[in-house]
Amino acid sequence: MKKNTLPINILRYKKNKLVLDIETFNDIDKACPYDISGNVYDNNDTLLYSFCLLRMDIMLLPELQENCFYKNKINQYFIDLKDKQYQYIDFFFGNGYEIINRLNEIITKYDIDLVIGYNIDFDYTSINRLYTNVNIAIRNKKKWYKQLGLNYKSIPKIVVNKFKKVNVLDLMYISTLLLIHSKQ
C-alpha cells in the first residue's frame, strides 16, 4: 500500500475531511491544477466550507487554455460565479503561489488530514507538482536576483507543502471493491 493511503472505514472516521476534485492543464505526466475544488465536512458529514481555487492565468488567457483537459468548461466558471445556487462556494482567483497558500490555510483552519476523491492519486500528484513548481520558481528567481545584484528579499518565501502530509482515500478503489464484492 502506498504512503498516505488510508485503509479505513470512512463511516467511523471522526475528524474533518476534504472531498476534492481538480481540473488540470499540461500532459498527464506533467499535469498541474488550474482548478482545485472541494468541500470540507465534519465528523457528522455536515458541510463546513466549499471552495474553488482557480488559476487566474489559465482562466484569463485563451492560449494557456489549449493545454487544459476540460478547456470547453472554463467559461462555465464565470457563469457559475453569478449563479445564486453557487453563492455558498468561496471562489478564489490567484496565481500558483496564492492558490497553494490558500490551500494550506484551508488545511490548517479545518485541521484536514484526510482527503477523499475519485482517482485521488492523480489529484494528489498534480497538486504536489504545483507546490514543487512554485517553489522551484521562487528558488530560481532568488538566485537570478542575487546574481544580478537585485534586492531578492521581496521575493516570497518557499511554501511549506501541507498537502503532502494529508492522507488520501480513493473513491474509485472503494467503488471497485463494492462492485467486486456485491452479490448479484
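In which loop is Asp45 found? Asp45 sits in the loop between β2 and β3 (47-55). Helices (H or I, at least four residues) and strands (E, at least two) are DSSP runs, numbered from the N terminus. This is a predicted model, in which local features need pLDDT of at least 70 and side-chain atom pairs count only at pLDDT 80 or more, while totals for chains, interfaces and linings use all residues. Residues are numbered from 1 along each chain as its sequence is written, and side-chain values use heavy atoms, with hydrogens and water left out.

Start with the backbone. Most residues other than glycine have a negative phi. Asp45 has a positive phi, near 60°, and is not a glycine. Asn26 also is not a glycine, and its phi is positive at about 85°. Asn26 lies in the loop between β1 (17-25) and β2 (32-41). Asn26 counts as partly exposed because its relative accessibility is 34%. Asp45, at 53%, counts as exposed.

Asp45 also takes part in a salt bridge. The term means a side-chain nitrogen of Lys or Arg within 4 Å of a carboxyl oxygen of Asp or Glu. The count comes to five salt bridges. Asp45 pairs with Lys17, at 3.0 Å from N to O. Lys17 is in strand β1 and Asp45 in the loop between β2 and β3, so the pair ties together parts 28 residues apart in sequence. Lys17 is buried, with a relative accessible area of 6%.

Next come the charged partners of Arg102. Arg102 forms a salt bridge with Asp90, with the closest N and O atoms 3.3 Å apart. That pair links distant parts of the chain, as Arg102 is in helix α4 and Asp90 in strand β4, 12 residues apart. Arg102 also bridges to Glu105, where the closest N and O atoms are 3.7 Å apart. Arg102 and Glu105 are three residues apart in helix α4, so about one helical turn separates them. Arg102 is partly exposed at 21%, Asp90 is partly exposed at 28%, and Glu105 is partly exposed at 49%.

Now the interior. A nonpolar core is a set of buried Ala, Val, Leu, Ile, Met, Phe, Trp, Tyr and Cys residues joined through side-chain atoms within 4.5 Å. The largest has 41 residues, of which Leu20, Ile36, Phe51, Leu103, Val115 and Phe163 touch the most other members. Helix α5 gives the largest share of this core, seven residues. Contact means heavy atoms within 4.5 Å. Beyond four places in sequence, Leu20 is in contact with residues including Ile36, Phe51, Val115 and Phe163.

Ser126 lies in helix α5 (residues 120-148). Ser126 counts as buried because its relative accessibility is 1%.

Note on methods. Buried means under 20% relative accessible area, exposed over 50%, partly exposed in between (1.4 Å probe, protein chains only).
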